[in-house]
Amino acid sequence: MTNTPTAAPVSPAGAADPSRWLRVHHPRASAAARLVCFPHAGGTANAFTALSAALPEDVELLAVQYPGRQDRRGEPCAQDLSELASGVAQALAGYDDRPLFLLGHSMGALVAFETARLLEERGTVARLFVSAARPPAQDWQEPDLSLVGDEELTAGLRRLGGIPEPLLADPEIAAEILRLLRADHRALLRHRCAPDTRVAAPVTVLLASADPKNSLEQMADWARHTAGGHEVAALSGGHFSLLERPGESAPPLTRRIREDLARPAAAAASGAAAASAAPDAEPLADLVRELMMEGLAGRTPRLSTDLTALEAAAGEVMAPEAFAYVSGTAGSGATGRANRTAFDRRRLVPRMLRGTRRTDTSVTLFGQRLPVPVLLAPLAAQQVAHPEGESATARAAAATGVPMVVSTFASRTLEEVAGAAGDHPRWFQLYLPSDRAVGESLVRRAEASGYGAIVVTIDATHLGFRPAELDSGYSPFLRGTGIANFTGDPAFRAGLPADADATQAVLRWAQISTDPTLTWEDLAWLRGLTRLPLLVKGVLHPDDARLALEHGADGVVVSTHGGRQLDGGVSSLDALPAVRAAVGPDVPVLMDSGVRTGSDVVKALALGADAVLYGRPYVYGLGLDGQRGVEHVLRCLLTDLGLALALTGCASLADVGPHLLANGDRR
């Protein structure tokens, strides 16, 4: 390590000797933002060389060099982390001409956190990224390395990875690594942080799927250390994934940096952009360009970008009974096929030379501006697809700017999902139970947890005849998955014996979870219960749309329940124009069932929808690759949507209408 060349120090005018602290591996004079990276215990500024090369030209990376190593070997190592943070904060005094993003890996995350606190008075931190690091107030449970022998410590380093074997095999280099590691650990063990200590900047947690030192549960408390919102982005690999797989780490970093740069300057500076504000759309070709550049490096996407191909791929990896539950439709599947046929039957007419480099995809619903006209449909029991279930979906939705509608029958409680979503917009879908006390309790909990609307489903008071589920004899709910909102509800628990076991809870759920006797008067009762916007989901007939409004609904969702209820029914897209005509132009109308691509979204908007609910494809992405799979699906969909708008000559959703469709397809 002592002979490893370092990047050139940087020294802008007016800075307090930054050349001691900062290294730039790939100078980018025209960069729009800077990413300041803090290495792990025992690490050096060179740890971020590969990540620096992987970033695009509009992001310049500054790597922090701690004292006591490489060209600073003559200086004593820091005694505590606040000493490091103070030095870096002073060195960054001359870097306020562009937004600063801080990234800390492992111990470096705590140094980055403390540095962000020091920089807050200048308002120069746009976002804090933390990788492979538990929250600052948490006990890291690190041993005193002065009591650990060299051989044992070296073996531990091998298990974690991150250091090439030839370096560990060289006695001189290995001794230097252990010296730095022990010194940095002494500083780490001295660090103390109160549980209520917060930064103003939003925090993005980078969590590697196979990190043996950190888990999703341990990362959750980062949310309490920020006033600007918290999210989790998944990486593949182990503890040093950020450094070993820079090509995979760069896209989530770049995407979040660009999204923050697109927000108003004041919001970016404070790190607290309002959840209702929709950022400008990223350049339409960003994802396409990103994937093509990856291709030049010999890397292809983990999942197909063909969103219609994900069902077959998920069928190869999901448990057969779980896949049957997610993909199954009613009866012969005629309604499910009709939903897709309705989209395929209609044709968009492109318009040329409209100068649409960027498109505004934002939409205002119930006074709230949403960044895209797409919300995640309320699919139940998502833990059958992935162990993290709706929590992973909520984080992916927040990372991509897509609001989420959370099912009553989620496998995580509505409070847990709200925690994963942070400040990101979310709605709650309600199956009104036959026990009205439980129904009221669910509504009150949704209100208290920051849900922005109630979507009451009316087309599933009787369960559809679904052969795929029946043939496998599988119901996730009867096995305890998808009933968390009930088993954790005080009104539901009040109806059980004090010593009730899991079987009794499932039986009570089966008795009261839905109500086949519902009438429009029950909707009026629900309307009187809450001031949240109320949507009715499952409307296909124009008269039912009118009745919904008469009994207190604020909007309707045209839906066939994904073809899972009535076999041989009309498709949602075919029913949409008549429902829109029945309620008039000012009532919010959403639709779902059969939506797969960005062009599908445009067709739905052209026929009268204000937005769509997007269902099965994101759950297939969840089953294939967890949170990252959902993010992939949504990024593909939104890129396709932006390009479809641009290619039909639409600069914003206000430009969309029936005129985009061929003459015979406008109904």
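This is a predicted model: local features need pLDDT of at least 70, side-chain atom pairs count only at pLDDT 80 or more; totals for chains, interfaces and linings use all residues.
Rolling a probe the size of a water molecule over the atoms shows where empty space is left. Counted in this manner, the cavities of 30 Å³ or more number three. The largest cavity has a volume of about 80 Å³. Its lining consists of Phe 129, Thr 204, Leu 206, Glu 231, Ala 233, Pro 252, Leu 253, Arg 255, Arg 256, Glu 259, Ala 399 and Glu 631. Two or more of the lining residues come from each of the elements β7 (203-208), β8 (230-235) and α9 (246-262). Helix α9 gives the most, with five residues. By class, the lining of the largest cavity comprises six nonpolar, one polar and five charged residues.

Attention may now turn to a pair of helices. The axes of α14 (residues 334-345) and α24 (residues 572-583) come within 7 Å and cross at roughly 70 degrees. Because angles of 65 to 115 degrees count as roughly perpendicular, α14 is roughly perpendicular to α24. On the side of α14, the contact is made by Asn 339, Ala 342, Phe 343 and Arg 345, and on the side of α24 by Ser 572, Leu 573 and Asp 574. The residues of this contact divide into three nonpolar, two polar and two charged.

Notes
Residues are numbered from 1 along each chain as its sequence is written. Side-chain values use heavy atoms; hydrogens and water are left out. On a 1 Å grid over the protein atoms alone, a cavity is a set of points where a 1.4 Å probe fits but cannot get out, and a pocket is an open set with protein on both sides within 12 Å along at least five of seven lines; lining residues have an atom within 4 Å of a point. Grid points are joined across faces, edges and corners, and a volume is the space filled by probe spheres set on the points. Helices (H or I, at least four residues) and strands (E, at least two) are DSSP runs, numbered from the N terminus. Ala, Val, Leu, Ile, Met, Phe, Trp, Tyr, Cys and Pro count as nonpolar, Asp, Glu, Lys and Arg as charged, and the others, Gly among them, as polar. Axes are lines fitted to C-alpha atoms, for helices over the stretch in contact, and angles run from 0 to 180 degrees between N-to-C directions. Angles under 35 degrees count as roughly parallel, over 145 as roughly antiparallel, 65 to 115 as roughly perpendicular and the rest as oblique. Contact means heavy atoms within 4.5 Å.
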